[in-house]
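Please open the structure in your viewer and keep the selection tool at hand.

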Amino acid sequence: MALFLLFLLLAVSDVSAAEDAFIGVNIGTALSDMPHPTQVVALLKAQKIRHVRLYDADRGMLLALANTGIKVAIAVPNEQLLGIGQSNSTAAKWVSQNVVSHYPATNITTICVGSEVLNSLPNAAPILVNALKFIQSALVASNLDRQIKVSTPFPSSIILDSFPPSQAFFNHSYKPVLVPLFSFLQSTGSCFMLNVYPYYDYMRSNGVIPLDYALFKPLPANKEAVDANTLLHYTNVFDAMVDAAYFAMADLNFTNIPVLVTESGWPSKGDSNEPDATLDNANTYNSNLIKHVINKTGTPKHPGVAVSTYIYELYNEDMKPGQISEKNWGLFDANGEPIYILQLTNSGPLLSNDTTNQTYCAAKEGADPKMLQAALDWACGPGKVDCSALMQGQPCYEPDSVASHASYAFDTYYHQMEKTPNACDFNGVATITTTNPSHGTCVFPGSSGKNFSLLNGTAPAMDSKSSGSHAQYKANGSIHTCIFSALVFLTVLCLGD
């Protein structure tokens, strides 16, 4: 506590520490197979996600979110902005239909009026502040202005000369909009909403920004970026951009408006000219971002002052136009399967923000049957999984399919290996899931709660270089080395194929 107070005393402006830092998730809907709102909410609840941001005020989503306690940011879409910004009555009607009719059952806390308006809808710039004020007036009339805050998200590109942060300033052509906007935010106790994408800053830098600096990876002291004017040391792009926003606001004489990051993330897949859009980098960035926010690390300018952030985004959006990376920012696919497992604690992998850590390993849908069979052979052989439950007459024999049997063996191995991510790969035919694959009397290890021990020491890793890899296992004909009870079953299964 004393250290926290010291951090506050060292802060150079009037911005105060947030009581609770939070990580939220954006929910885009450009999916060819968008899950039903009840499925979306089920995923949010399973992952313990307590803050979400919608890009509209979809009635189905708001109804599904009712009575969950999840804090919801809704939005006035850009296409509705001109009407609301020019008519107080239109704004009042919008609030009545999209807020009053759902609140308090649905815990709406924030209204985002448009998104990146100055860039994407420049003709709306003159009425942007009016739109915020009209929405605010409607909230006041409904006695909801203390419960629900109003703001509008900006891209970080609105900040010019962003490094060193102390020299940052806003594009002066936007000053007629920004000054009254910041006056509004200050008077209503609202946040300055900023979309921060270190991925794009890194890509545009042509090698000037080191990848580790963009990913929050630890840097040696001599590699940290130093603001020569303040002597503040920056270890990541995210903090530098947030502080640039604080300095740019101070340049306009506003020093007590907190920054809320409405979008940040990293793509897990990209085109050939995007070599750093990878699963590992997306995992690293978002895992480190979550730790950075939840720990209330703050920024060099405001240490200890949390910067709450919404991760972009919940689902991969396969219908988004543009490069492959545009479609691959999600934590999950449309089926609710994780794109990767975020590393949030030292105790093992957690799925998104899932503190219960209920994850399972199953055969990938559509996986090649021969590859599955080879992986099953390996798991029940060198992998030292007890596959007796898969024998005819035993609880997990039915359904008698390679995929079903492989899922049981995969999940058993995954839990034997304490659920490390690489324990659920099996040369690409397995995937980690939050859906319990147990069925009937067949209880999978992930749901049994029992402890596991290897049948004979430490199981080898299943990779191409390991002496226990399935490639070498098949080449040596070592199906005959299965000396466990699974031997008879596997022999029959192999002959059957």
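Over the ring of which residue does the charged end of Lys301 sit? Select Lys301 and Phe247: the charged end of Lys301 sits over the ring of Phe247, 4.1 Å from its centre. A charge sits over a ring if NZ of Lys or CZ of Arg is within 6 Å of the ring centre and within 35 degrees of the ring normal.

This is a predicted model, in which local features need pLDDT of at least 70 and side-chain atom pairs count only at pLDDT 80 or more, while totals for chains, interfaces and linings use all residues. Residues are numbered from 1 along each chain as its sequence is written, and side-chain values use heavy atoms, with hydrogens and water left out.

**Aromatic pairs**

The structure holds 24 aromatic pairs. Rings of Phe, Tyr and Trp (its six-membered ring) pair if their centres lie within 6.5 Å; planes under 30 degrees apart count as stacked, over 60 as edge-to-face and the rest as tilted.

Next, select Tyr199 and Trp266, an edge-to-face pair with 5.0 Å centre to centre and 75 degrees between the planes. Tyr199 lies in helix H9 (residues 198–204) and Trp266 in the loop between strand S12 (259–264) and helix H12 (279–294), so the pair ties together parts 67 residues apart in sequence. Helices (H or I, at least four residues) and strands (E, at least two) are DSSP runs, numbered from the N terminus. Both Tyr199 and Trp266 are buried, that is, under 20% relative accessible area (1.4 Å probe, protein chains only).

Now select Phe410 and Phe426, which are stacked at 4.1 Å centre to centre, with 15 degrees between the planes. Phe410 belongs to helix H14 (residues 402–416) and Phe426 to the loop between H14 and strand S15 (430–433), 16 residues apart. Phe410 is buried, with a relative accessible area of 0%, and Phe426 counts as buried at 4%.

**The largest pocket**

Finally, select Pro338, Lys364, Ala430, Thr431 and Ile432, which are the closest to the centre of the largest pocket among its 32 lining residues. A pocket is an open set of points on a 1 Å grid over the protein atoms alone, where a 1.4 Å probe fits, with protein on both sides within 12 Å along at least five of seven lines; lining residues have an atom within 4 Å of a point. About 920 Å³ of space lies in this pocket. S15 gives the largest share of the lining, 4 residues.

Key. Buried < 20%, exposed > 50% of the residue type's maximum accessible area, 1.4 Å probe, protein only. Points joined across faces, edges and corners; volume = space filled by probe spheres on them.
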